[in-house]
Amino acid sequence: MNFSTENKIAVRVSQLFKSYKNGTQATRGIDFAARRGESVAILGANGAGKTTFLRQLTTELKPTSGAIEIFGIDAIANPNKAKLSMGVTPQEAGVFETLTVREHLELFGKLKGLNKSQARTETGEILNDLELTENAKKQVGELSGGQRRRILIGLALLGKPPLLILDEPTTGLDPNARRTVWLLLKQIIASGVTVIFSTHYLEEAEQLSSRIAFIDGGKIVKSGTLEELRATIPNKYRLNYLNGNERIALPHIKFFADFAAAQQFIYAKKISEYQLATTSLEDVYFSIVGKSLSDTGESEK
Ligand code: ADP
């Protein structure tokens with residue numbers, strides 16, 4: 001690989017293994033790269049290894065073996081240097097309950113190396129973007145779960161880092177708050193920041209990512225754009241239908257390679273109540289990983 005191509009890579013991971021003390025092998029040979037400006041969704045069921053993978057990227061967890069480079073820096077040998085270019089949502093436990101929201105953001109801004117006036121300006125911007133200005137004077141401990149989540153995202157944004165690593169950024173948010181966060185992340189992605197985020201919300205992956213990586217059993221089993229992933233499965237259409245004489249609430253599901261085949265089936269079976277759509281990301285995930293996203297990934301492979 002020549003230098004100019006290499007320079008476009010924000011994150012490169014090879015053969016990343018992590019075994020916890022109790023013997024659980026949570027990541028089992030992850031190979032991964034994100035180009036600068038990409039937004040990559042790490043999609044997987046509970047227990048698939050998403051958090052373990054991301055905590056190794058943020059240098060919070062030391063890999064058992066493997067290599068991680070962040071903007072060309074060896075993140076295992078130089079974690080502090082690698083962290084300078086990252087915005088990370090801290091663990092809930094790292095939040096100071098008695099500080100006000102504004103004080104909290106300003107403090108973390110200073111810890112990130114901003115001077116007093118920069119910390120104040122950025123805090124104001126972030127509170128505004130996350131629709132938290134009204135809560136600026138509240139103590140963090142008084143906030144609702146959704147507001148706390150937004151604060152955690154705000155902390156990651158301080159210092160305008162070129163790389164954001166976000167573990168399930170909108171879990172626990174109500175739909176409105178989720179959309180606020182999506183809108184903000186979309187702007188951030190559009191400005192050229194590289195974002196790697198985990199999620200188990202398909203819509204979130206579709207809305208925010210330029211590429212999706214499926215993780216299962218501690219490995220990335222497939223990655224690509226939504227269209228690339230869709231192209232790897234033979235069935236392009238999903239038909240949900242009810243048979244005429246049935247009085248059941250749950251429709252039958254059948255997959256078809258093309259639109260004409262689905263229409264033919266509808267005609268031949270004289271189906272009048274149906275919904276025909278292109279396969280969803282959930283269908284694609286199921287076809288590739290062999291289980292539903294809501295399954296736990298705890299079983300040994
Ligand atoms: P995900 O984020 O996809 O839900 P995790 O990375 O949290 O997956 O977990 C992957 C596997 O590692 C699971 O089997 C989980 O039970 C296990 N695991 C996670 N954290 C620990 C830990 N601190 N000690 C032991 N096992 C762990």
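Guide: Let us begin with a term: a residue counts as buried under 20% relative accessible area, as exposed over 50%, and as partly exposed in between. The model is a predicted one.

Visitor: Is E122 buried or exposed?
Guide: The relative accessible area of E122 is 11%. Buried means under 20%, so E122 is buried.

Visitor: Which residue meets the side chain of E122 in a salt bridge, and where does that partner lie?
Guide: The N to O distance in this salt bridge is 3.7 Å, where the cut-off is 4 Å. E122 belongs to helix α5 (residues 116–129), and its partner lies 38 residues apart from it, in the loop between α6 and β7 (163–167).

Visitor: Are R148 and E97 buried, partly exposed or exposed?
Guide: The relative accessible area of R148 is 14%, whereas that of E97 is 37%. With the limits at 20% and 50%, R148 is therefore buried, and E97 is partly exposed.

Visitor: Which element gives the largest share of the shell around the ligand?
Guide: The ligand is surrounded by 13 residues, and the closest are G47, G49, K50, T51 and T52. By class, four are nonpolar, seven polar and two charged. The largest share, three residues, comes from helix α2 (residues 50–57).

Visitor: Which residues of α2 are buried?
Guide: The helix is mostly covered, with six of its eight residues buried. They are K50, T52, F53, L54, Q56 and L57.

Visitor: What share of the area that the ligand exposes when taken alone does the protein bury?
Guide: Oxygen atoms of the ligand lie 3.5 Å from a backbone N or O atom of A45, 2.8 Å from a polar backbone atom of T51 and 2.5 Å from an N or O atom in the side chain of T52. Taken alone, the ligand exposes 560 Å², and the share of this buried by the protein is 68%.

Visitor: Which residues make the nonpolar surface patch of about 300 Å²?
Guide: One of them, L107, is found in helix α4 (residues 101–111). A patch residue needs over 30% relative accessible area, and L107 is partly exposed at 32%. The patch is made by F96, L107 and L111.

Visitor: What percentage of the residues in the protein is buried?
Guide: The protein has eleven helices and 13 strands. Its C-alpha trace spans about 70 × 45 × 40 Å along the principal axes. Of its 301 residues, the buried ones make up 46%.

Methods: Residues are numbered from 1 along each chain as its sequence is written. This is a predicted model: local features need pLDDT of at least 70, side-chain atom pairs count only at pLDDT 80 or more; totals for chains, interfaces and linings use all residues. Side-chain values use heavy atoms; hydrogens and water are left out. A residue is near a molecule or strand if one of its heavy atoms lies within 4 Å of it. A polar contact is a pair of N or O atoms within 3.5 Å; within protein, one must be able to donate a hydrogen and the other to accept it, and residues adjacent in sequence count only if both atoms are side-chain atoms. Accessible areas come from the Shrake-Rupley method with a 1.4 Å probe; for residues, only the protein chains shown count as cover. Helices (H or I, at least four residues) and strands (E, at least two) are DSSP runs, numbered from the N terminus. Ala, Val, Leu, Ile, Met, Phe, Trp, Tyr, Cys and Pro count as nonpolar, Asp, Glu, Lys and Arg as charged, and the others, Gly among them, as polar. Buried means under 20% relative accessible area, exposed over 50%, partly exposed in between (1.4 Å probe, protein chains only). Patches are made of residues with over 30% relative accessible area and no salt bridge: like charges are joined within 9 Å, nonpolar side chains (Val, Leu, Ile, Met, Phe, Trp, Tyr) within 5 Å.
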